[in-house]
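This briefing goes through one protein model, topic by topic. Keep the sequence and the 3D view at hand while reading.

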Amino acid sequence: MKKPLIIIKDVRKEFIVEKKPNVVALDGVDLEIEKNEFVCVVGPSGCGKTTLLNIIAGLETFDSGSVTMHGEDIIGPGPERGVIFQQYALFPWMTVRKNIEYGLKFITKADGSRYTKEEKRALAEHYIKMVNLTGFEDSYPKALSGGMKQRVAIARGYALNSEVLLMDEPFGALDAQTRAQLQEDLLRTWESEKKTIFFITHDVDEAVLLSSRVVIMSARPGQIKEIVPVDLPYPRTQATKMESEFIKIKNYIWDTVYRMYLEIPK
């Protein structure tokens with residue numbers, strides 16, 4: 001039987017807060033993520049979604065439990081796990097092309113060799129085309145819209161050839177029209193590139209549109225309350241949101257999350 005790509009087992013994370021009671025962010029989290037899967041995570045604010053993503057990324061330690069990828073413990077960041085945040089984190093003094101090429105200088109190819117200047121440029125050009133930024137290769141971030149900046153961040157993540165993309169509300173700060181376009185762009189690139197994506201969002205519509213499974217986390221301390229399969233065929237577009245099965249799944253997840261929100265002490 002094929003083993004999951006990432007296995008999270010009984011993970012607990014507690015934050016020490018000066019002069020206040022400690023905060024238990026995660027308590028007994030169990031989750032398995034399959035290769036090439038698109039998983040979205042939703043839940044009330046403060047339920048530990050970002051903490052869990054940071055633990056998978058190797059950016060955050062945890063107190064007990066285990067997190068493995070390919071059966072190996074995750075003990076720190078690695079190029080096999082690319083991270084895309086809501087903040088674009090682009091270098092303002094670099095062009096679109098240079099921003100995308102930048103991470104390639106720190107990694108090696110499968111044969112152990114470094115990327116040549118020509119190879120880095122070719123990869124950057126490929127992913128610039130993939131995210132529909134052809135013609136903006138030599139533009140600087142200040143000349144780009146928010147949606148275009150996020151496209152650069154996504155292209156940079158893909159260019160690193162990371163096996164897993166960890167995305168923390170990457171479209172959260174965008175206007176509705178740009179967000180809808182980038183959702184479809186991301187689905188198209190995921191279907192062509194077949195990366196494993198772990199995607200955090202507060203938007204239930206977005207979670208159902210994008211993912212093969214939606215993970216619902218409980219209010220703090222964060223636990224996995226339920227995992228909802230999304231058995232809607234790909235490719236999906238904004239029109240998918242009008243289908244009865246989409247609406248049924250969305251309403252079920254929204255009702256579950258909202259009921260938890262109402263239970264949080266105010």
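How do the residues of the lining of the largest cavity divide into nonpolar, polar and charged? They divide into 5 nonpolar, 1 polar and 3 charged. Ala, Val, Leu, Ile, Met, Phe, Trp, Tyr, Cys and Pro count as nonpolar, Asp, Glu, Lys and Arg as charged, and the others, Gly among them, as polar.

The model is predicted: local features need pLDDT of at least 70, side-chain atom pairs count only at pLDDT 80 or more, and totals for chains, interfaces and linings use all residues. Residues are numbered from 1 along each chain as its sequence is written, and side-chain values use heavy atoms, with hydrogens and water left out. Helices (H or I, at least four residues) and strands (E, at least two) are DSSP runs, numbered from the N terminus.

**Cavity**

- On a 1 Å grid over the protein atoms alone, a cavity is a set of points where a 1.4 Å probe fits but cannot get out, and a pocket is an open set with protein on both sides within 12 Å along at least five of seven lines; lining residues have an atom within 4 Å of a point.
- Grid points are joined across faces, edges and corners, and a volume is the space filled by probe spheres set on the points.
- The count is 1 cavity of 30 Å³ or more, and the largest cavity holds about 60 Å³ of space.
- Its lining consists of Met130, Val131, Arg151, Ile154, Leu182, Asp185, Leu186, Arg188 and Thr189.
- Two or more residues of this lining come from each of α4 (146-159) and α5.
- Helix α5 gives the most to the lining of the largest cavity, with 5 residues.

**Helices α3 and α5**

- The axes of α3 (residues 117-130) and α5 (residues 176-193) come within 11 Å and cross at roughly 130°.
- Axes are lines fitted to C-alpha atoms, for helices over the stretch in contact, and angles run from 0 to 180 degrees between N-to-C directions.
- His126, Tyr127 and Met130 of α3 make the contact (heavy atoms within 4.5 Å) with Arg188, Thr189 and Glu193 of α5.
- The residues of this contact comprise 2 nonpolar, 2 polar and 2 charged.

- An open sheet of 4 strands runs in the order β2-β1-β4-β5, with antiparallel pairing; two strands pair if DSSP finds at least two bridges between them.
- The edges are β2 (23-33) and β5 (72-73), each with a single partner strand, so one side of each has no neighbour in the sheet.
- Strands β1 (residues 6-15) and β4 (residues 64-69) pair in the antiparallel sense over 5 bridges.
- Within this pairing, Met69 in β4 is the bridge partner of Ile6.
- Helix α1 (residues 49-57) packs on the sheet, where it touches β1, β2 and β4, and its direction makes about 120° with that of β1.

**The sheet of 6 strands**

- An open sheet of 6 strands has mixed pairing and the order β6-β7-β8-β3-β9-β10.
- Strands β6 (81-85) and β10 (224-229) are at the edges with a single partner strand each, so one side of each is left without a neighbour in the sheet.
- From one strand to the next, the twist averages 15°.
- Strand β3 (residues 38-42) and strand β9 (residues 213-217) run parallel and are joined by 4 bridges.
- Val39 stands opposite Arg213 in β9.
- Helix α4 lies across β6, β7 (164-168) and β8 (196-200), and runs at about 175° to β6.

**Largest pocket**

- The largest pocket has a volume of about 490 Å³.
- It is lined by 23 residues, and those closest to its centre are Arg81, Gly82, Val83, Arg156 and Leu160.
- The elements that give two or more residues to this lining are β6 and α4.
- Strand β6 gives the most, with 5 residues.
- The lining divides into 15 nonpolar, 6 polar and 2 charged residues.

**Backbone details**

- Most residues other than glycine have a negative phi, and most peptide bonds are trans.
- Asn36, in the loop between β2 and β3, has a positive phi of about 70° although it is not a glycine.
- Arg220 and Pro221 are joined by a cis peptide bond with omega about 0°, and Pro221 is in the loop between β9 and β10.
- The peptide bond from Tyr234 to Pro235 is also cis, with omega near 0°, and Pro235 is in the loop between β10 and α7 (244-263).
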